[in-house]
Amino acid sequence: MHEVTAYLIGFGSLLEGDDYQWDGLELAKHNPNGYLMAVVLDQGMKAEKVWAMPNNLFWQWDRMDLIAEADVEDLAKDLKSVGCRYWRNMARFIKQDAQMLMDKYSGWAENIWMDYPTSVQMYERFLEFKGIGQKKASMAVNILVRDCGVPVSDKNGIDVSYDKHIRQVFLRSGLAERDDMNHIIEVAREEYPEYPGILDKPAWYIGRDWCFNKNPDCKNCPLGVSNVCARKTEIVVKGEE
Ligand code: SF4
């Protein structure tokens, strides 16, 4: 195991209970349909803003049939009113996803994850929804399993998200060699095969709080303090946070 991995895992264990996705956890536990739709909407906005959207929308989350049948223009207006960045596209996704939720899961998102699936099954179920790709599907599974304690029959199919913060920390620390989705995912799988996604949260935190594009705070970063990072600060990853 790379020493960066060991320190990431150690740092991750200190983060238990410190949840930047707190509102996401609350949604997953108390409004699973809102949780699914917030995952869909999570693009180009701060996590806190996205997780607040289902409550701000005042949609009837226990009536996905109404959302599936709603006029897409009305959905778009609602999404725009709560500050959704890509409200036009998201309105189309939400309508289609509400229909799929009705067709495949009887209108209840918890049916996606409550049958003790394998982690890969859960991930692939999220991927089927419009507007959800690798990054969002992995995030959704990680939050459910890691933070909400949703049982899965294994954890080896839970990957890191191909997220800007995670990519930057993997590359600068020397854990990964190139900014390629398959490579980043593969590195985490090789480093910690039993649960690759364990590296997701600590790498994300370090990316957000210390490993900035400009003037990274290596002096105070956990990987800098422990002197295990290659500090390739000339690498700057582009992309949405
Ligand atoms: S030590 Fe510096 S380069 Fe390495 S992860 Fe921390 S902030 Fe980034």
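Helix α7 spans residues 87-105, 19 residues in total, and its first and last C-alpha atoms are 25 Å apart, close to the expected 27 Å. Here helices are DSSP runs of H or I with at least four residues, numbered from the N terminus, and the expected span is 1.5 Å times one less than the number of residues. The model is a predicted one, in which local features need pLDDT of at least 70 and side-chain atom pairs count only at pLDDT 80 or more, while totals for chains, interfaces and linings use all residues. Residues are numbered from 1 along each chain as its sequence is written.

The buried residues of α7 are Met90, Ala91, Ile94, Asp97, Ala98 and Leu101. A residue is called buried if 20 or more other C-beta atoms, placed from the backbone, lie within 10 Å of its own, exposed if 12 or fewer do, and partly exposed in between. Because these residues cover an arc of only 135° around the axis, they lie on the same side of α7; the arc is taken over the directions from the helix axis to the C-beta atoms. They pack against α3 (32-41), α5 (64-69) and α6 (72-81), contact being defined as C-beta atoms, placed from the backbone, within 7 Å. After α7 comes Ser106, with a positive phi near 55°.

Helix α1 (residues 3-14) can be read in a similar way. Its twelve residues should span 16 Å at 1.5 Å a residue, and the 17 Å between its end C-alpha atoms agrees with this. Val4, Thr5, Tyr7, Leu8 and Gly12 are its buried residues. They cover an arc of only 165° around the axis, so they sit on the same side of α1. The face turned away from that side carries the exposed residues Gly10, Ser13 and Leu14. Among the elements covering the buried residues are α10 (164-173), α11 (181-191), α12 (200-209) and α13 (222-225).

The protein is divided into domain 1 (3-17 + 159-225) and domain 2 (22-147), with bounds from an automatic or database domain assignment. Their C-alpha centres lie 26 Å apart. Nine residues of domain 1 are in contact with six of domain 2. On the domain 1 side, the touching residues are three nonpolar, two polar and four charged.

The ligand is surrounded by 15 residues, the closest being Cys211, Cys218, Cys221, Gly224 and Cys229; a residue is counted if its C-beta atom, placed from the backbone, lies within 6 Å. The elements giving two or more residues to this shell are α10 and α13. Helix α10 supplies the largest share, three residues. By class, the shell has nine nonpolar, three polar and three charged residues, where Ala, Val, Leu, Ile, Met, Phe, Trp, Tyr, Cys and Pro count as nonpolar, Asp, Glu, Lys and Arg as charged, and the others, Gly among them, as polar.

How values were computed
Two residues are in contact if their C-beta atoms, placed from the backbone, lie within 7 Å.
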